[in-house]
Amino acid sequence: MTKEQTEQLKLDNQLCFRLYTASRLIVQSYQPYLSDLGITYTQYLALMVLWEKSPVKVSEISSRLKLESNTVTPLVKRMEAQGLVKREKGKQDGRETIVSLTQKGKSLEKEAARIPSCLSGKLHSCGIQDETMLAMVPCLDDLIAKLSSAEGVSTF
C-alpha cells in the first residue's frame with residue numbers, strides 16, 4: 001500500500017466518521033427527553049412529519065425522512081401499536097398506506113414542543129453558539145441534497 005492509501009484509511013482523515021459521531025451524539029442528547037414521551041428518535045422524526053400534515057402516505061413520510069419505505073413501514077406499525085397513529089389503506093389505491101395521528105399522537109406535540117429549546121440549551125452549555133449551529137445548516141443541506149441526487153456515491 002502506498003503512503004497516500006495508508007493516510008486515507010486513518011480514522012482522523014474520515015469525514016464520514018465525524019458525521020457519524022456528531023449524529024450519534026446529537027441523537028443521544030435527545031434520548032432523555034424522548035424517553036419521557038415513550039418514543040424513539042426515529043418516531044419523533046415521523047411524528048414531526050405528521051404534526052405538520054396528517055393524514056399522510058407512508059411514501060411521503062419515507063421521502064421526508066430520506067428513509068426507505070421498508071424502514072418506515074415497521075416504524076409506523078410500532079407507532080400504531082403504541083396508539084400514536086392509525087393506518088388505513090388508500091381509497092383510490094389499495095397498495096398505499098395512509099397514516100394519521102390519533103388523539104394520543106396529537107397530544108404528544110404539546111409535550112414535544114419543549115424539546116428543541118431543551119436541546120439548544122444543552123448545546124449552549126457545551127459552548128456551542130447559535131451562530132455555529134445556524135452556519136452548519138446550509139452546508140449539511142447541500143451535502144444531503146447532493147448525496148440524495150447522486151447515483152452510486154461511493155467515496156468523497
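Contact here means heavy atoms within 4.5 Å. The views below show a predicted model.

**View 1. One side of helix H4 is buried.** The buried residues of H4, which spans residues 58-65, are Val58, Ile61, Ser62 and Leu65. Their arc around the axis is only 100 degrees, so the four sit on the same side of H4. These buried residues pack against two helices, H3 (41-52) and H5 (69-81). They also pack against two strands, E1 (56-57) and E3 (97-101).

**View 2. Serine 62 is a buried residue of H4.** Serine 62 has its place in helix H4. Its relative accessibility is 6%, so serine 62 counts as buried, because the cut-off for buried is under 20%. Leaving aside residues up to four places away in sequence, serine 62 touches Leu67, Glu68, Ser69 and Val72.

**View 3. Lysine 66 follows H4 with a positive phi.** The phi of lysine 66 is about 55 degrees, although this residue is not a glycine. Lysine 66 is found in the loop between H4 and H5. Its relative accessibility is 54%, so lysine 66 counts as exposed. The cut-off for exposed is over 50%.

**View 4. A cis peptide bond joins serine 54 to proline 55.** Omega for this bond is near 5 degrees. Proline 55 lies in the loop between H3 and E1.

**View 5. Tyr30, Tyr41 and Tyr44 are linked into a cluster by ring pairs.** The whole structure holds three aromatic pairs. One of them joins tyrosine 30 and tyrosine 41. The ring centres of this pair are 5.2 Å apart, and the planes make an angle of 55 degrees, a tilted arrangement. The pair links distant parts of the chain: tyrosine 30 is in helix H2 (residues 15-37) and tyrosine 41 in helix H3, eleven residues apart. Tyrosine 41 also pairs with tyrosine 44. This second pair is tilted too, at 6.4 Å centre to centre and 45 degrees between the planes. Both of its members lie in helix H3, three residues apart, about one turn of the helix.

View 6. Tyrosine 44 has 4% relative accessibility and so counts as buried. Tyrosine 30, at 13%, also counts as buried. Tyrosine 41 has 23% and so counts as partly exposed. Tyrosine 41 is a member of the pair with tyrosine 30 and of the pair with tyrosine 44.

**View 7. Five residues make a nonpolar surface patch: Leu15, Leu19, Met136, Leu140 and Ile144.** The patch covers about 390 Å². H2 and helix H8 (130-149) each supply at least two of its residues. H8 gives the most, with three residues. Leucine 140 lies in H8. At 36% relative accessibility, leucine 140 counts as partly exposed.

**View 8. Lysine 57 and glutamate 96 meet in a salt bridge.** Their side chains come to 3.0 Å, N to O. Lysine 57 lies in strand E1, and glutamate 96 lies in the loop between strand E2 (85-89) and E3, so the pair ties together parts that are 39 residues apart in sequence. Lysine 57 has 35% relative accessibility and counts as partly exposed. Glutamate 96, with a relative accessible area of 25%, is also partly exposed.

**View 9. Glutamate 60 and lysine 53 form a salt bridge.** The N to O distance between the side chains is 3.3 Å. Glutamate 60, at 30% relative accessibility, counts as partly exposed. Lysine 53 is partly exposed as well, with a relative accessible area of 43%.

**View 10. Lysine 10 forms a salt bridge with glutamate 7.** The closest N and O atoms are 2.8 Å apart. Lysine 10 has 40% relative accessibility and counts as partly exposed. Glutamate 7, with a relative accessible area of 31%, is partly exposed too. A search of the whole structure finds seven salt bridges, among them this one.

Key:
Residues are numbered from 1 along each chain as its sequence is written. This is a predicted model: local features need pLDDT of at least 70, side-chain atom pairs count only at pLDDT 80 or more; totals for chains, interfaces and linings use all residues. Side-chain values use heavy atoms; hydrogens and water are left out. Buried means under 20% relative accessible area, exposed over 50%, partly exposed in between (1.4 Å probe, protein chains only). The arc is that of the directions from the helix axis to the C-beta atoms. Rings of Phe, Tyr and Trp (its six-membered ring) pair if their centres lie within 6.5 Å; planes under 30 degrees apart count as stacked, over 60 as edge-to-face and the rest as tilted. Patches are made of residues with over 30% relative accessible area and no salt bridge: like charges are joined within 9 Å, nonpolar side chains (Val, Leu, Ile, Met, Phe, Trp, Tyr) within 5 Å. Accessible areas come from the Shrake-Rupley method with a 1.4 Å probe; for residues, only the protein chains shown count as cover. A salt bridge is a side-chain nitrogen of Lys or Arg within 4 Å of a carboxyl oxygen of Asp or Glu.
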